[in-house]
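This briefing describes one protein chain for a reader who has its sequence and structure at hand. Please look at both before reading the points that follow.

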Amino acid sequence: QVQLVESGGGLVQAGGSLRLSCEVSGHIFKTYVMGWFRQAPGKEREFVAAIRWSSGTTDYADSLKGRFTISRDSAKNTVYLQMNSLKPEDTAVYYCVAGWLLRRTSYDYDYWGQGTQVTVSS
């Protein structure tokens with residue numbers, strides 16, 4: 001089994017930064033993919049970023065490149081999402097995900113965390 005627990009969400013001012021963490025419990029296969037999605041009220045769930053656990057290969061939503069960075073610490077079984085230059089439109093619940101393929105669609109991921117709220121004030 002795989003369990004994902006997010007942390008690090010909160011309230012920040014526009015232009016500020018925040019780092020989300022996702023601690024993984026259970027066996028992580030070397031071919032596994034970890035990632036982040038987000039969902040704002042009344043909007044569809046949106047792909048943010050993903051990373052291959054073994055190689056470190058990353059993928060980002062085009063609109064977020066340059067502001068968000070995904071990384072992982074194998075020793076701590078943790079994946080991170082560094083968010084810089086935050087905007088009010090970044091306000092959403094952020095979900096940590098795990099799967100087998102580096103894809104941008106939510107149905108390609110098998111495991112989901114409970115989410116952590118990020119609120120950006122203007």
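A residue is called buried when its relative accessible area is under 20%, exposed when that area is over 50%, and partly exposed in between. With a relative accessible area of 53%, Glu 89 is therefore exposed. The model discussed here is predicted.

**The chain as a whole**

- The protein chain has 11 strands and zero helices.
- Along the sequence, the pattern is accordingly β-β-β-β-β-β-β-β-β-β-β.
- The radius of gyration of the protein chain is 13 Å, close to the 14 Å that the globule rule gives for 122 residues, so the chain is as compact as a globular protein of that length.
- Taken along the principal axes, the box filled by the C-alpha atoms is roughly 40 × 25 × 25 Å.
- Of the 122 residues in the protein chain, 43% are buried.
- Among contacts between residues at least 6 apart in sequence, 56% join residues at least 24 apart.

**Surface and charge**

- The protein chain has an accessible surface of about 6,400 Å², and carbon and sulfur atoms account for 45% of it.

**Loop residues**

- Asn 77 sits in the loop between strand E7 (68-73) and strand E8 (78-83).
- Although Asn 77 is not a glycine, its phi is positive, at about 50 degrees.
- Asn 77 counts as partly exposed because its relative accessibility is 29%.
- Ser 85 belongs to the loop between E8 and strand E9 (92-99).
- Ser 85 is another residue other than glycine with a positive phi, here near 50 degrees.
- The relative accessibility of Ser 85 is 43%, so Ser 85 counts as partly exposed.
- Glu 89 and Gln 13 are 76 residues apart in sequence, and their C-alpha atoms are 12 Å apart in space.

**Aromatic pairs**

- How many aromatic pairs does the structure hold? There are six aromatic pairs.
- One of them joins Phe 37 and Tyr 109, which are edge-to-face, with 5.5 Å from centre to centre and 70 degrees between the planes.
- Phe 37 lies in strand E4 (residues 33-39) and Tyr 109 in strand E10 (residues 109-112), so this pair ties together parts that are 72 residues apart in sequence.
- Phe 37 is buried because its relative accessible area is 1%.
- Tyr 109 is buried too, because its relative accessible area is 5%.
- Phe 37 also pairs with Trp 112: the ring centres are 5.3 Å apart and the planes are at 40 degrees, so this pair is tilted.
- The pair of Phe 37 in strand E4 and Trp 112 in strand E10 links distant parts of the chain, 75 residues apart.
- Is Trp 112 buried, partly exposed or exposed? At 27% relative accessibility, Trp 112 counts as partly exposed.
- Phe 37, Phe 47, Tyr 95, Tyr 109 and Trp 112 are linked by ring pairs into a cluster.

- Ser 21 is part of strand E3 (residues 18-25).
- Ser 21 counts as buried because its relative accessibility is 16%.
- Not counting residues up to four places away in sequence, Ser 21 touches Val 5, Glu 6, Ser 7, Trp 36, Thr 78, Val 79 and Tyr 80.
- Tyr 111 is in strand E10.
- Tyr 111 has a relative accessible area of 31%, so Tyr 111 is partly exposed.
- Which residues does Tyr 111 contact, leaving aside neighbours within four places in sequence? Tyr 111 is in contact with Val 2, Leu 4, Tyr 32, Cys 96, Val 97 and Ala 98.
- The C-alpha atoms of Tyr 111 and Ala 50 are separated by 13 Å, and the two residues are 61 residues apart along the chain.

Notes
Residues numbered from 1 in each chain as written. Predicted model: local features only at pLDDT ≥ 70, side-chain atom pairs only at ≥ 80, totals over all residues. Heavy atoms only, no water. Helix = DSSP H or I, 4+ residues; strand = E, 2+ residues; numbered from the N terminus. Rg over C-alpha atoms; globule rule 2.2 N^0.38 Å. Buried < 20%, exposed > 50% of the residue type's maximum accessible area, 1.4 Å probe, protein only. Contact = heavy atoms within 4.5 Å. Areas by Shrake-Rupley, 256 points an atom, 1.4 Å probe, with all protein chains shown as cover. Phe/Tyr/Trp six-rings, centres within 6.5 Å; stacked < 30°, edge-to-face > 60°.
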